[in-house]
Amino acid sequence: MRISAVGTAYPQYRYSQSQISQALIERWADKLEEPRLLQRLHANCGVNFRNFVFPLEVYPTLVGFGPNNDAWIKAAVELGETAILRALDRAGITAADISAIFFATVTGIASPTIDARLINRLPFPVNVKRTPIFGLGCVAGAAGIARASDYVRAFPKENVLLLSVELCSLTWQDDDQSIANLISTGLFADGAAAVVISGSESPLATRQRPAPRILATRSTFYRNTEKVMGWDISSNGFKIVLSPDVPKVVEENLLGNVQGFLQDNGLQQSDISTYIFHSGGPKVLEAMEQSLSLPPNALAPSWKSLSEVGNLSAASVLAVMEDYLEVHPGEPGSYSILAAMGPAFCSELVLLQW
Amino acid sequence: MDDIAQRCIDIIAKSKGLDPQSISLESSFDSLAIDSLDKINISFEVEEAFNIEIPDDALGSLKTVGDVVDGVRRLTSEPTA
C-alpha cells in the first residue's frame, strides 16, 4: 500500500501575518487591553503568510456559530473539490476509481458531511464507503493516512481517498481575548489536502511515480491529557483550548513513541532519512527537534509550510507530504516517518519507505 | 556587571518572582521557566525601561538572559529617528 498522490488547495485570499494582526487589532479595538500583545504573539508564531476563505473585512460580518458554519460548509465543499481533483489528477485516476473516502475536519460540522456533498459533484461510485472523522484535530492528517492504509490492507486492489478540509478562520471568537485565542488567531489558517492511498494490488502500486510504501502505523494515546488541546463548544462555536504544556507533552513523549515504533519494525532512528512532521508551530517543532535530537534543517519542509501557509490543523502534515512527493522525494529504499500529534493528547506515526 | 545587564536581570527577576542573584547572563529562559508569554511581558518591561522598541519578531531568537542584554545594547546604541 502506498501514498500515491497528494493535492492541496488554498483559498484565494492571502495575507501577510502583519496584515492579519492589524485587522484583528482593529476588529477588537475595544476588547484588547494591550494590542501590542497580539502583535507580538503573532509575530512569533513562525508564520509569514496565510490564506483565508474570505477577505479579512468580511469576517466581522459573520456573527455567531450558524452563519460561520454555513460559510464553512460552502467553502469546505469548494476547497475540498479542488484538493481532490488535484490529487486524483496526480495519481492519474478519477473519482470513479475510489472505493472509500475518509474525511477529516475539526473546524466545522455538517450532515450530510462534506464528503457526501462531494459525491454529488464528482463521479465517485455510488457504493463508495464513507468515513467522516470529526475531532481528531491536528493529528487527523496522520491518523487519516493510517486508517486509510488499514482499509487498503484489507482490500489491496482498491484505492481510497483521504480528504482534510480545515477552515480555521471561521472559528475565530470575538469574545475570547485569552492568550490561547490570540495565539490561535496567529497560528491557524485555511486549507485542504487530499491523499490517494492505493492497495498493494492496485494498478497504481506499480507506477513509476514516487509513491512511498506505508509499512506500518502506530497510534499512541496519552492518558489524562484532555485539557492540553481541543475545543470548548459554546453557542458561539468553537473556542480554542491550547495549553502552554503542548510543547512539554510533545517533548516528553515523542522520542519514546518513535523508538518503540521503530524497534517493533526492526529499525532504529539512524535508519530514518526524513521526518514528515505536522507544522504545529515553532514551539511544537522545536520540541520535536529536541525530543528526537534532530540535526539542523531536518524539519525544514515543516518550518517552510508553517511560514508560508500557517498551521492547517489536520491538513498541515499532508501539505508537508505533498512537498516531499513533488519537490524532494526520498531516495529509493530510504525510510521516512510521517507524524502528527493532536487533541486527546495523542500521536500518530506512519512509517514510509520510498 | 554593567548597568544594562543588571537592570535586565532585575526586570526578569521581578517578572518571574526570582532572586536576581540566581540569574546570570548565561541563564537560559528554559532554566528560568520563562515561556513565550513571559518573554513578551519581559520585552514590554525592557522597552519601557530603556525607551527602545524591540522588533516584534525578535523574541524567538532570544534564548538566554545574555541575548536580551546584547539586544538592549544594540538598540540603545542605535541612533534614534
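Two residues are in contact if their C-beta atoms, placed from the backbone, lie within 7 Å. Helices (H or I, at least four residues) and strands (E, at least two) are DSSP runs, numbered from the N terminus. This is a predicted model, in which local features need pLDDT of at least 70 and side-chain atom pairs count only at pLDDT 80 or more, while totals for chains, interfaces and linings use all residues. Residues are numbered from 1 along each chain as its sequence is written, and chains are lettered from A and ligands numbered from 1 in the order in which they are written.

Start with a helix pair in chain A. A:Q17, A:I20, A:S21, A:L24 and A:I25 of α1(A) are in contact with A:P35, A:L38, A:Q39, A:H42 and A:A43 of α2(A). By class, this contact of α1(A) with α2(A) has 6 nonpolar, 4 polar and no charged residues; Ala, Val, Leu, Ile, Met, Phe, Trp, Tyr, Cys and Pro count as nonpolar, Asp, Glu, Lys and Arg as charged, and the others, Gly among them, as polar. Two packed helices are described by the angle between their axes and the distance between the axes. Here axes are lines fitted to C-alpha atoms, for helices over the stretch in contact, and angles run from 0 to 180 degrees between N-to-C directions. The axes of α1 (residues 17-27) of chain A and α2(A) cross at roughly 155 degrees and come within 10 Å. α1(A) is therefore roughly antiparallel to α2(A), given that angles under 35 degrees count as roughly parallel, over 145 as roughly antiparallel, 65 to 115 as roughly perpendicular and the rest as oblique. The crossing of α1(A) past α2(A) is right-handed; a crossing is right-handed if the near helix is turned clockwise from the far one by less than a right angle, and left-handed if anticlockwise.

Chain B has a helix pair to set beside this. Helix α1 (residues 3-16) of chain B packs on helix α2 (residues 36-50) of chain B at an angle of about 135 degrees, with the axes 10 Å apart. α1(B) and α2(B) are therefore oblique to each other. On the α1(B) side the contact is made by B:R7, B:C8, B:I11, B:I12, B:S15 and B:K16, and on the α2(B) side by B:D38, B:N41, B:I42, B:E45, B:V46 and B:A49. The classes represented are 6 nonpolar, 2 polar and 4 charged residues. α1(B) passes α2(B) in a right-handed crossing.

Where do the two chains meet? The contact takes 11 residues from chain A and 10 residues from chain B. On the chain A side, α2 (35-43) and α8 (282-292) each supply at least two residues, and α2(A) gives the most, with 6 residues. That side of chain A has 6 nonpolar, 2 polar and 3 charged residues.

Across the boundary, 49 residues of domain 1 of chain A are in contact with 46 residues of domain 2 of chain A. On the domain 1 side, α5(A) gives the most, with 8 residues. That side of domain 1 has 26 nonpolar, 18 polar and 5 charged residues.

Some single residues remain. A:E289, in helix α8 of chain A, is buried, with 21 other C-beta atoms within 10 Å; a residue is buried if 20 or more other C-beta atoms, placed from the backbone, lie within 10 Å of its own, exposed if 12 or fewer, and partly exposed in between. Not counting residues up to four places away in sequence, A:E289 touches A:L294, A:A298 and A:L299.

Which loop holds A:S293? A:S293 lies in the loop between α8 and α9 (300-309) of chain A. Its phi is near 50 degrees, a positive value in a residue other than glycine, and A:S293 counts as exposed, with 9 C-beta neighbours inside 10 Å. In chain B, phi of B:A33 is near 55 degrees, and B:A33 lies in the loop between α1 and α2.

Two peptide bonds in chain A are cis: the bond from A:S111 to A:P112 has omega near 5 degrees, and the bond from A:A344 to A:F345 has omega near -5 degrees. A:P112 lies in the loop between β4 and α4 (114-119), and A:F345 in the loop between β12 (335-342) and β13 (346-353).
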